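Please prepare a short briefing on the structure shown below. Group the points by topic and keep them brief.

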Amino acid sequence: MKDKWRFSTNSLGRRLLLQLLLVAAVLSALLYLAVRSVANQAAIAAHDNILGASATAIAEQLTASEGEVLIDIPYSAFSMLGAISEDRVFYRIDSNSETITGYEDLPVPEEVSIRAAPHYYSAQFRDSDIRAVALERLITVDNAPVSVLISVAQTRRGQDAITARVANTAAALGIGFFLVAGLMSWLATRSTVRPLHDVAGAIGRRGAHDLRDLKSPIPSELAPLVNALNGFIARLRDTLHRNETFMAEAAHHVRTPLATVRTQAEIALRQAETDESRLTLRSVIRAVDESSRSATQLLDHAMITYRSDQLALETFNYSDLVAEVIRGLSATAELKDLTVIADVDANLEYAGDKVLIECALHNMVDNAIKYSTDEGQVDIQLSKVEAGIQFRVCDAGRGLGGSVQRDLTVRFKRGLNVSDIVGSGLGLTIVEHVAEVHRGCFTLISRSGGGTCATLTL
Amino acid sequence: MFYTDFSFGGRYVRNTYALKMSAVWFCCLLITVNASAFEIESERLFESDNQRNELRILSSTDLDYMEPIIRSYQMQYPATSVLYTVASSIELYRAISEEQANYDVVISSAMDLQMKLVNDGLALEHQSSEVDALPAWSRWGNSLFAFTQEPAVLLASKRGMNGLSMPQNRKELIELLRDNPEQFNGKIGTYDIRESGAGYLFATQDSRQSDAFWRLSEVIGSLSPKLYCCSSAMINALHSGEISLAYNVLGSYASAVLDESDDGSIVPLTDYQIFMLRTALLPKRSKQPVLGGTFIDFLADSANRALIDQQVGLPAINGEVFNTHQHYRPIALGPGLLVFLDKIKRKRFIKAWSDALLQP
């Protein structure tokens with residue numbers, strides 16, 4: 001029993017269902033017993049009434065004449081008993097405790113006061129169960145009272161048949177009740193447990209960076225659990241936020257001295273006299289650039305993580321934004337003699353967080369420029385698609401070199417074929433993150449003729 | 001001993017009736033009771049070619065009537081020989097209730113006595129598709145099954161009526177007798193209910209139907225009636241011109257005999273006509289109740305009703321008759337029949353009847 005109970009405690013729903021079924025079973029059993037007992041009592045009462053009527057009919061015909069009690073049993077006294085069931089009928093009439101007619105051995109009640117009302121009793125007679133009534137009447141014979149006792153009895157087969165029928169009906173009723181109650185218990189259990197599933201589902205469906213509080217309506221019993229969960233999420237969010245802030249601060253603090261170092265290094269380069277020192281200084285500047293870029297992207301990443309918690313959604317002109325991004329990077333592109341071909345639909349308006357989108361677009365175009373070979377071509381396309389809006393940047397560079405997108409969008413992870421190019425490994429992570437918080441999608445595929453196509457669909 | 005002579009089928013039989021329902025009923029009569037054995041009227045063994053078992057039937061129905069049924073039964077059960085014993089209904093009751101006689105089927109026209117056997121737990125239960133098909137009024141529970149419905153009728157001799165018009169109902173019969181006392185004095189026959197089970201049943205049921213019964217009894221009593229033990233005796237007396245009217249004769253016997261003579265005829269009374277049911281039961285002491293059951297089923301089988309109707313000459317169970325003739329009253333099987341078997345009730349009834357019929 002205890003093992004079973006422990007088994008059932010594994011599931012709240014099963015435990016609840018089991019208890020409800022137990023209650024239903026107990027109620028069904030009670031219903032069965034109640035219906036049976038009430039119906040049986042009613043059947044017995046009805047039978048008793050007819051027995052009583054039969055005895056009364058005989059009693060009403062009692063008269064006294066010439067010093068003796070005259071008995072004239074009316075035909076109806078027995079025929080009425082035959083009308084209700086095909087049971088055997090017995091009777092006995094005693095005058096002053098002496099049987100004057102009927103079945104002498106029919107049991108009659110011992111010395112009870114039955115003068116007032118008919119006395120009903122059950123007994124055994126000739127191997128059969130009988131139900132009987134005894135009735136006493138006082139008849140005055142020669143100025144002396146004579147006590148006449150009339151008993152009428154009937155076997156109980158008719159009653160047993162009714163009892164059996166009632167028992168069947170009651171059993172059917174009990175089983176029906178249990179089935180209905182069981183079905184309702186199951187439904188009730190399901191609906192009770194559903195909020196738990198809902199909460200679990202709501203948490204399960206969340207994106208990796210979604211650290212908002214749970215706000216869906218919940219039953220009051222679950223409030224402590226959800227509050228605790230929300231408290232936990234808030235602490236997590238805080239910690240994360242602090243980490244990002246720390247990183248942003250750190251990046252900022254690194255960038256400023258780096259800028260100073262770069263300026264000093266350029267001055268030194270101009271004044272350098274030997275080729276060797278010039279070479280050294282150039283590599284210093286390159287290292288500084290790399291660090292600075294990493295710091296910038298760390299800053300961007302921190303910013304994105306922070307903003308994704310509270311998106312500032314607005315509808316703005318994407319066409320203008322793309323043009324702006326291209327303009328910002330045109331200097332870099334010119335350095336490599338790249339041809340940038342922009343196929344941008346005019347005046348495309350769509351919702352989004354402008355700062356985040358700009359950051360994502362900037363990273364995509366920057367990547368394309370960075371990984372393009374000199375004098376190559378970068379195609380930029382902005383168009384309206386069925387799902388919303390699509391921004392695509394294609395280069396003719398070295399392609400993905402066998403890496404898959406899932407690896408490239410991990411923080412600080414870079415392609416296998418790009419060690420010669422300055423990069424932090426954060427760019428694609430940022431783009432993917434932006435796509436995610438906007439419920440859009442970001443795909444990165446190799447072009448057939450070499451190069452890569454990055455597509456952001458919002 | 002109480003001896004009576006009565007004729008049956010033209011044959012005189014000397015018969016003994018040891019009446020012992022209860023000694024109290026007849027305490028006024030001087031009877032010595034032969035308690036050792038009940039009185040048998042006749043007995044016959046219908047042997048089968050390859051006898052394997054013997055069905056023992058105790059019946060109040062004359063052998064002539066039952067022979068076609070038994071023969072037909074043996075066609076269906078060729079390995080069964082049948083011992084058929086005839087006794088009066090009262091003797092038959094005594095044989096089963098007191099002497100524990102060994103029989104497998106008990107057939108009697110005394111519905112009240114059959115009912116008492118069932119009520120006292122002396123009958124077995126029997127269930128089959130044949131008895132289940134019987135109408136509800138022709139059976140009592142699973143113990144008592146009727147196979148004929150036979151009316152109690154008024155018989156009149158055309159010679160004896162001497163041109164008087166036939167009465168249509170009991171009121172007209174009373175008027176007829178009152179108006180012609182000389183013609184009918186000593187010329188009316190009816191049952192002696194003190195010795196005939198069927199006569200007692202008819203008289204008691206008659207008294208329940210109408211008050212006219214007692215008025216009629218008074219009138220008959222004033223005309224020095226002749227009392228008979230049985231229907232066949234009355235029919236013969238009518239036939240011989242001894243009596244002109246016979247009241248409460250078993251119609252089935254009458255119609256079987258009277259076909260041959262055009263003198264006597266059944267007078268249809270339209271106020272009411274009582275129908276007695278001839279019933280069969282399986283006694284509790286039967287040693288082969290399954291075999292007895294096959295005979296009950298044979299009697300109850302609706303396919304055998306034509307046989308009972310035509311070859312036997314007894315009216316088979318037919319509920320239609322009671323629907324089309326409102327004044328036909330079948331005596332209901334049930335505990336009501338026990339009322340007139342109550343010794344005090346019986347004493348009172350016979351006293352009232354005697355006061356009316358046996359006028360000095």
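Is D127(A) buried or exposed? D127(A) is exposed, because 7 other C-beta atoms lie within 10 Å, and a residue counts as exposed at 12 or fewer. The model is predicted. Chain A holds 10 helices and 14 strands.

**Chain A overall**

- Chain A has 458 residues, of which 27% count as buried.
- Among the contacts in chain A with a separation of 6 or more, 66% are between residues 24 or more positions apart.

**The five-stranded sheet**

- Five strands of chain A form an open sheet with mixed pairing, in the order 9-11-12-14-13.
- Strand 9 (339-344) and strand 13 (441-446) of chain A are the edge strands, each pairing on one side only.
- On average, neighbouring strands of this sheet are turned by 10 degrees against each other, with direction ignored.
- Helix 7 (residues 318-335) of chain A packs on the sheet, where it touches strand 9, strand 11 (377-384) and strand 12 (389-394) of chain A.
- The direction of helix 7 makes about 180 degrees with that of strand 9 of chain A.
- Strand 13 of chain A runs antiparallel to strand 14 (residues 452-457) of chain A, and six bridges join the two.
- In this pair, S446(A) stands opposite T452(A), which belongs to strand 14 of chain A.

**Contact between chains A and B**

- Chain A gives 15 residues to the contact, and chain B gives 15 residues.
- On the side of chain A that touches chain B, helix 3 (75-84) and strand 4 (98-102) of chain A are the elements that give two or more residues.
- Helix 3 of chain A supplies the largest share of that side, with six residues.
- By class, the side of chain A that touches chain B comprises eight nonpolar, three polar and four charged residues.

**Positive phi in loops**

- S97(A) is not a glycine, yet has a positive phi of about 65 degrees.
- S97(A) sits in the loop between strand 3 (89-95) and strand 4 of chain A.
- S97(A) counts as exposed because it has 8 C-beta neighbours inside 10 Å.
- D127(A), also not a glycine, has a positive phi of about 65 degrees.
- The loop that holds D127(A) lies between strand 5 (119-125) and strand 6 (128-141) of chain A.

Notes
Residues numbered from 1 in each chain as written. Chains lettered and ligands numbered in written order. Predicted model: local features only at pLDDT ≥ 70, side-chain atom pairs only at ≥ 80, totals over all residues. Pairing = 2+ DSSP bridges. Helix = DSSP H or I, 4+ residues; strand = E, 2+ residues; numbered from the N terminus. Axes fitted to C-alpha atoms, helices over the stretch in contact; angles between N-to-C directions. Contact = placed C-beta atoms within 7 Å. Buried ≥ 20, exposed ≤ 12 C-beta atoms within 10 Å, placed from the backbone. Nonpolar A, V, L, I, M, F, W, Y, C, P; charged D, E, K, R; others polar.
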